[in-house]
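Okay everyone, can you all see the screen? Let me put up the structure, and then I'll talk through a few spots.

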Amino acid sequence: MTSRHRSSDTAPSFAPRRRTVVKAAAATAVLAGPLAAALPARAATETPAFLHGVASGDPLPDGILLWTRVTPTAEAIPGSGLGPDTQVSWTVATDKTFTTIVAKGSTTATAASDHTVKADIRGLQPATDYFFRFSAGGTDSPVARTRTAPATDAGVAGLRFGVVSCANWEAGYFSPYRHLAARGDLDAWLHLGDYIYEYKSGEYAARGKVVRPHAPANEILTLADYRTRHGRYKTDPDLQALHHKAPVVAIWDDHEFADNAWSGGAGNHTEGAEGTWTARQTAAKQAYFEWMPVRPAIEGTTYRRLRFGKLADLSLLDLRSFRSQQASTGSGTVDDADRTLTGRVQLDWLKAGLKASDTTWRLVGNSVMISPFAIGELSADLFKPLAKLLGLPQEGIALNTDQWDGYTDDRRELLAHLRNNAIRNTVFLTGDIHMAWANDVPIDAGTYPLSASAGTEFVVTSVTSDNLDDIVKVPEGTVSAVAAPIIRAANRHVHWVDTDRHGYGVLDITAERAQMDYYVLSDRTDPNATSSWARSYRTRSGTQKVERTYDPV
């Protein structure tokens, strides 16, 4: 059995503009010392180590993408550019003891790819659990579980996915990952963006307090910086635990690059003083594909489609690489037909895939909220922190121009396509906004509910990143108690919004309904934080509307 590369349901041919790759500067002993100290302890020997765990992703009916990073010598830390070429092998089996081996192979890990390794395994059986590990120099990695997708034409009784977004290292511990890993019932988990954050230490933490420092301490700008930051995240034990239990399906949002990123820049990028955006974006993308078990359908982007039997397909979007610059709030340019969030090629690909789909459910992995959002009559003391969270002017405005609200022509075209082609059971799965939402997606928000709903949207809150009560610095629940009723009154398609809590979602799908169970953390700053079920919402097949249900799956 061999390992080879093949895209899953690739998007149409598209050749993005090639950019000059930023080369990592050779790390000095001054750099290597403090960064090496931040990693888990190593033995005094020079045997290779798997300090960043192992992972799998993008499940197919016949295959899975495996990932690891080997540390061949003590100085070969992420981003250093140091360390010898190292032979790394992988083994895949149907059992934890590796009695029945079904695939194996090897490759050479080099400093050119930061000693990361990917193996695209094919020839596996659909809807099957497998176990895998890597080996180098007589050292074995941890053993991890993964799972293939159901056969393309298979009748599937149910699917279950963990759903997360917005994990800021300095703001707390990644307990949601630990609680999802403990479930043991996930077919896969979806990461909807902001897997890492780019800020310098202390710039964006937990109510201004650094719970645990990330590395490097500076804002990440170069390829070495982005590699180092990814490496830091991958040392988290809760993140490693979840990667060891189920395959991930990931897309990026802005903080994998810089805050409010667009195709030609970012809100948190100063051209010249921080290098060129072209170089920074190229570096960020290279590090992302090195460090994440993501199989790009097109070079340099995360949009792609996966299928899970006849029950569901999942269209995954890249809403940063092709978008026009965010409109100046209040300028009226949000309706400009020449501005785009998706880019023409990606939007056509999405529309064609939704129309051609023959599955019961059409899921869309969507990094920013598609449902319209008017703020309503919030008092000044509540509006100002909400405006800060959304990047809005504090004198008031009715939309967030970083979301689909800022690109209304793309949204209008997509929702009209769903309506005109009678495409049903489209569910948008969203992160980014650090709040939990359950929304209908109206054709015309101004006349809703008299106008139809084109689909539904489940938005998960942040793993750790500050939400509204954190910005105001008041007890959890204080802001939501006041703001949520006002937001719902101004947005009749919104069934629920929780502005204040951190947590994760569990999406459970059957032929009859798609249900999101929302879970919340006891305390993001506590490494042993507990989680509890908060609410559940579902959309029943054929309704295009959300309703509350009173029990988690």
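So, Arg 524 and His 502: their side chains are joined by a polar contact of 3.4 Å. Arg 524 also makes one with the side chain of Asp 470, at 3.1 Å. By polar contact I mean a pair of N or O atoms within 3.5 Å, where, within protein, one must be able to donate a hydrogen and the other to accept it, and residues adjacent in sequence count only if both atoms are side-chain atoms.

Quick background: this is a predicted model, where local features need pLDDT of at least 70, side-chain atom pairs count only at pLDDT 80 or more, and totals for chains, interfaces and linings use all residues. Residues are numbered from 1 along each chain as its sequence is written, and side-chain values use heavy atoms, with hydrogens and water left out.

Back to our arginine. Where is Arg 524? It's in the loop between β22 (513-521) and β23 (531-540); strands here are DSSP E runs of at least two residues, and helices are H or I runs of at least four, numbered from the N terminus. Is Arg 524 buried or exposed? Buried, because its relative accessibility is 6% (buried is under 20% relative accessible area, exposed over 50%, partly exposed in between, with a 1.4 Å probe and protein chains only).

Now the helices. α3 (residues 223-233) and α5 (residues 277-291) cross at roughly 35°, and their axes come within 8 Å. Axes are lines fitted to C-alpha atoms, for helices over the stretch in contact, with angles from 0 to 180 degrees between N-to-C directions.
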